[in-house]
Amino acid sequence: MAGAEFFGADERKEVNEVLDTGILFRYGFDDARKGMFKAKELEAEAVKFTGAKHAHAVSSGSTAVTTALAAAGIGLGDEVIVTPFTFVATIEAVMLIGALPVFAEVDETLCLSAEGIKAVLTPKTKGICLVHMCGAAADMDAIMPIVNDNNLTLVEDAGQALGAFHKGTSVGLFGKTGCFSFDFFKITTAGEGGLCITNDEVAYNHMAEYSDHGHTHTGDNRGMEAHNIMGTNFRLSETNAAIGKVQMQRIETIRTNNKKHKAVLKNALAEIDGVTFRHMPDPEGDSATFLNFFMPTTELSQKVMAQFAEDGIAGFNYWYTNMYHFINQWDHIKDLKSPNKLAIHHFGAPQDYHALELPKSNEVVGRLISLGIKANWPADELEAFKTKMVASIKKVLA
Ligand SMILES: Cc1ncc(COP(=O)(O)O)c(C=O)c1O
């Protein structure tokens, strides 16, 4: 949790302003809304924070991935390299848009590695949907040459990484399009919501149009403007946008607090022989929403998790057996289960998903333990948590 910890009077005030006008729709009604365009204001905050030329808010992180893929021109039958370690939303978006996921290896960055990408590249590869996992950027210095040399379309799913930068550039701005989630568990929340960013004006127009049935949002009479493309309804409501706007104004504070609290815990773990950390190509750019550390073996990580449970310490994720975040739990995806026929049923999967060999990803995610950092952590509670966490790990290693 991060943004949700700070929900308060400012969020309530902004929501009440929307409720007072009664205009919950982001477009039109110019007189009745009394100058309030909360979705637009949220987008302006996101532009200011990320440095993107354009931002477009949508209804969720999941619809943001879909919108970002569509606006980047990825669609029917396109082979897209994806990670086996992400929230399933990434893979669902690729499949539902008609593209074909090709799984590659992650490494200790917790993201796709350059080697992993190279190993699955074929002349059929159209692009990469790169996930910046657990709050920090992938190794962009190693990945961008592969993107450029092979003329690939890069879409960044930064659903978990708003607030992360790589050498001064926000995640989401390395490729054609990028996206974030504002769901309840993220660094800033709108309750539900998402955001796409890009420096490409054509892609931006496509994001805005695709997520609202192709409306170009020009002229006074919404509904009767030109429609350049087909789309759907992924619009964000003004009440959610009002919350998201205030939360975006809090992000610098949240990130600063996260970093402070994470450092306290990381320094304590660094004293323990055998504990190592997620490789971060640019540690300065960390959003610090997670402290990610490795035990020497999968077995030891599972023992540490069991010890945490026995000692009553909460807040840790063990993604290896979490049903949403790692491929070893995605039987429904491997089986291509869907109520309707998808492109992948028609074209066939580009890999045998049941026979995939991802030894590096299994080894990395098996050893990984992630702790969600609280931004509002009282100093005494943080200190007590640190002491208990260290004691639990030491018990296992003794
Ligand atoms: C990497 C990633 N992409 C997309 C999403 C989907 O976001 P939402 O829950 O807002 O739909 C998530 C959610 O956790 C995520 O972690």
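# A tour of helices and one tryptophan

Start by selecting helix H2, residues 38–50: at 1.5 Å a residue its 13 residues should span 18 Å, and its end C-alpha atoms are 18 Å apart, which agrees. The expected span here is 1.5 Å times one less than the number of residues. Helices (H or I, at least four residues) and strands (E, at least two) are DSSP runs, numbered from the N terminus.

Before moving on, note that this is a predicted model, where local features need pLDDT of at least 70, side-chain atom pairs count only at pLDDT 80 or more, and totals for chains, interfaces and linings use all residues. Residues are numbered from 1 along each chain as its sequence is written.

**Stay on H2.** Colour Lys-38, Ala-39, Glu-41, Leu-42, Glu-43, Glu-45, Ala-46 and Thr-50, which are buried (20 or more other C-beta atoms within 10 Å of a residue's own; 12 or fewer is exposed, in between is partly exposed, and C-beta atoms are placed from the backbone). Now show the partners of these buried residues: helix H1 (9–21), strands E1 (54–58), E7 (169–170) and E9 (194–198), and helix H8 (238–249). Contact means C-beta atoms, placed from the backbone, within 7 Å. Just after H2, click on Gly-51, which has a positive phi of about 80°.

**Next, H3 and H4.** Select residues 61–71 (H3) and 89–96 (H4): their axes come within 9 Å and cross at roughly 40°. Axes are lines fitted to C-alpha atoms, for helices over the stretch in contact, and angles run from 0 to 180 degrees between N-to-C directions. H3 is therefore oblique to H4 (under 35 degrees is roughly parallel, over 145 roughly antiparallel, 65 to 115 roughly perpendicular, the rest oblique). Among the residues making the contact are Val-65 and Leu-69 of H3 and Ala-93 and Leu-96 of H4.

**Then H10 and H14.** Select residues 298–310 (H10) and 379–397 (H14), which pack at about 130° with axes 9 Å apart. H10 and H14 are therefore oblique to each other. Display Leu-300, Lys-303, Val-304, Gln-307 and Phe-308 of H10 with Ser-392, Ile-393, Lys-395 and Val-396 of H14 to see the contact.

**Last stop, Trp-319.** Find Trp-319 in the loop between strand E12 (316–317) and helix H11 (331–334). Is Trp-319 buried or exposed? Trp-319 has 23 C-beta neighbours inside 10 Å, so Trp-319 counts as buried. Leaving aside neighbours within four places in sequence, Trp-319 is in contact with Phe-85, His-325, Phe-326, Val-365, Leu-368 and Ser-370.

Notes
Two residues are in contact if their C-beta atoms, placed from the backbone, lie within 7 Å.
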